[in-house]
Amino acid sequence: MEYHESTLQQDMTEPLMQQDEKGNISFEEDDDLTPRNTSQNGSLAVVWLSTTVAVWGSFQFGCCVHYTSPTQTAIRKELNLSLAEYSVFASILAIGAMIGGLTSGHISNFIGRKMTMRVAAVFCIIGWLAIGFAEGVLLLDIGRMCTGYGIGIFSYVVPVFIAEIAPRDLRGGFTSSNELMIQVGGSITYLLGTVLTWRMLTLVGLIPSLMLILGMFFVPESPRWLVMVGQQREFEASLQRLRGKDADISFEASEIQEYIEKLQQMPKVRILDLFRKRYLHTVIIGVGLMLFKQFGGLSAIGFYASAILELAGFSSGKFGTMVIGLCQIPVTIIAVVLMDRCGRRPLLLISAVGTFLGTFLIGVAFCLKDHELVLKLIPMMVLAGVLIYFWSFASGIGSASWVIMSEIFPLNIKGAAGSLAIWANWFGSWAVSYTFNYLISWSSSGTFFLYSAVSAAAILFVAKLVPETRRRTLEEIQAHMLFSNSHS
């Protein structure tokens, strides 16, 4: 079995890659200016439409995560909740998302990417309705758990679907629109939460799921999933729709089909199989990017930005939080534009440096809190650090992490490995948001120095382990990862 699988991996990598005398890996055609096939020159209208529909799931993601920030006071007052009860309500989203993340890969492999997004949308609708009509803590928690499960699925299937339908030269930009719409959904929810009641805000939360369910009737299924389940005719029809009716899809279709046919001859992969040598490098990259993102302080600063600013000396954290929310959208748009121009690795490296500087500056500010000479500068130093952190995150880490994760996993492990990476992301979110108040009571400066140390480690991680995937087909990327695993 080991020999058979190794032979298959060699067969899969040889047509796509070659190795020079020094052992350096290269691809057969490396000219960025020359398309590998004429299908790239077709119409992008259906790809744009499909991406627009899919990212309603990302918009829903942002709505769900940010719902508790502007509604905390009103919900606690109306339903007479204790701080502990509200904390459970807020954090149970991550528990639901962890479950959703673990099951998302298997569900999407079994029923398809489109149907999986519909299932996630239904869970979100049920959750929003439960929250909106809640008269006590039980229904409130059930609703929050349901929305968490839904966005746990969305966080996997949306970037995977977009990566599988987009042309290789534009895949980074299309896939990073996932992060853009998360930021847009979160910012709009926060702003509307200042003028709408918490029950009215749940009705607003229904809109993205309803739009996604309706839109899915007008977009094709992922061609890679269709060929994986043996629907040959539907595969060709889907790929033709995505590339345009006059596009020549013969090269791309044969490349996808040949690769997947060889991939399907390999044994089915379970979670424990991911830790074997042949997949370990890929899994470390996918899971590592998610964990570094979260343990660098993302959820702590995102969930508690107002409290951090008040701790620094602001009378209210609302102004700073609104500025952060508004800044993330244009910066994320810039990241979308640069994703296919500059590549994933440069954005990740620059962003990791920025998150390090942001958290380090906040740590320094809190270190100087007892020094009277700089006391007046502390609030602005903290605000600057928070802004640097979020600008850096929005400019690369958020977008590029999801893009790379959706690209590097071969189809035979995409379900199991993707589920593991999404679970790691939500576990990190829960762990960081849960421990933040304990850490800040221990040492406000030490907390942010700890986050900055994680960001420093992330710089080394990206520099040493993360490959550049710009302008490569998914088959080329995944063949490279299999080659790297087998020769590491």
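Let's start with burial. Of the 488 residues in the protein chain, 58% count as buried. Keep in mind that this is a predicted model. The accessible surface of the chain comes to about 19900 Å². Carbon and sulfur atoms hold 67% of that surface.

Now the fold. The chain has 20 helices and 2 strands. Residues 24 or more positions apart account for 82% of them.

Next, the aromatic rings. How many aromatic pairs are there? The count comes to 14 aromatic pairs. A pair of rings is described by the distance of the centres and the angle of the planes. I'll show two of the pairs.

Here is Phe123 with Tyr149. Their ring centres are 4.7 Å apart, and the planes stand at 55 degrees. That pair is tilted. Phe123 lies in helix α6, residues 113-132. Tyr149 lies in helix α7, residues 137-165. So the pair ties together parts that are 26 residues apart in sequence. Are the two partners buried or exposed? Phe123 is partly exposed, because its relative accessibility is 30%. Tyr149 has a relative accessible area of 15%, so Tyr149 is buried.

The other pair is Phe292 with Phe461. The centres are 5.0 Å apart and the planes are at 50 degrees, so this pair is tilted. Which helices does it join? Phe292 sits in α13, residues 277-295, and Phe461 sits in α19, residues 444-465. The pair therefore ties together parts that are 169 residues apart in sequence. Phe292 is partly exposed, at a relative accessible area of 25%. Phe461 is buried, at 10%. The cut-off for buried is under 20%.

Ring pairs link Phe366, Phe436, Phe448 and Tyr451. Hold on to Phe366; we will come back to that residue.

Charges over rings now. Arg118 lies over the face of Phe217, at 5.1 Å from the ring centre. Arg144 has its charged end over the ring of Phe89, and the distance to the centre is 5.5 Å.

On to helix packing. Two packed helices are described by the angle between their axes and the distance between the axes. Look at α4, residues 68-79, and α9, residues 198-215. Their axes come within 10 Å and cross at roughly 125 degrees.

Step along to Asn80. Asn80 lies in the loop between α4 and α5. Its phi is near 55 degrees, a positive value in a residue other than glycine. Buried or exposed? Asn80 is exposed, because its relative accessibility is 67%.

Helix α5 covers residues 83-111, and Ser108 lies in it. Ser108 is buried, with a relative accessible area of 0%. What does Ser108 touch? Leave out residues up to four places away in sequence. The list is then Arg113, Thr116, Tyr156, Val157 and Trp225.

Another buried position sits in a loop. Ile249 is in the loop between α11, 232-243, and α12, 250-264. Its relative accessible area is 10%, so Ile249 counts as buried. Ile249 and Leu239 are 10 residues apart along the chain, and their C-alpha atoms are separated by 7.3 Å.

Last stop, Ser445. Ser445 belongs to helix α19. Ser445 counts as buried, at 12% relative accessibility. Thr359 is 86 residues away along the chain, yet the two C-alpha atoms are separated by 9.4 Å. Which residues does Ser445 touch? Beyond those up to four places away in sequence, they are Gly363, Phe366 and Cys367. And there is Phe366 again, a member of the ring cluster with Phe436, Phe448 and Tyr451.

Key:
Residues numbered from 1 in each chain as written. Predicted model: local features only at pLDDT ≥ 70, side-chain atom pairs only at ≥ 80, totals over all residues. Heavy atoms only, no water. Helix = DSSP H or I, 4+ residues; strand = E, 2+ residues; numbered from the N terminus. Buried < 20%, exposed > 50% of the residue type's maximum accessible area, 1.4 Å probe, protein only. Contact = heavy atoms within 4.5 Å. Areas by Shrake-Rupley, 256 points an atom, 1.4 Å probe, with all protein chains shown as cover. Phe/Tyr/Trp six-rings, centres within 6.5 Å; stacked < 30°, edge-to-face > 60°. Lys NZ or Arg CZ within 6 Å of the ring centre and 35° of its normal. Axes fitted to C-alpha atoms, helices over the stretch in contact; angles between N-to-C directions.
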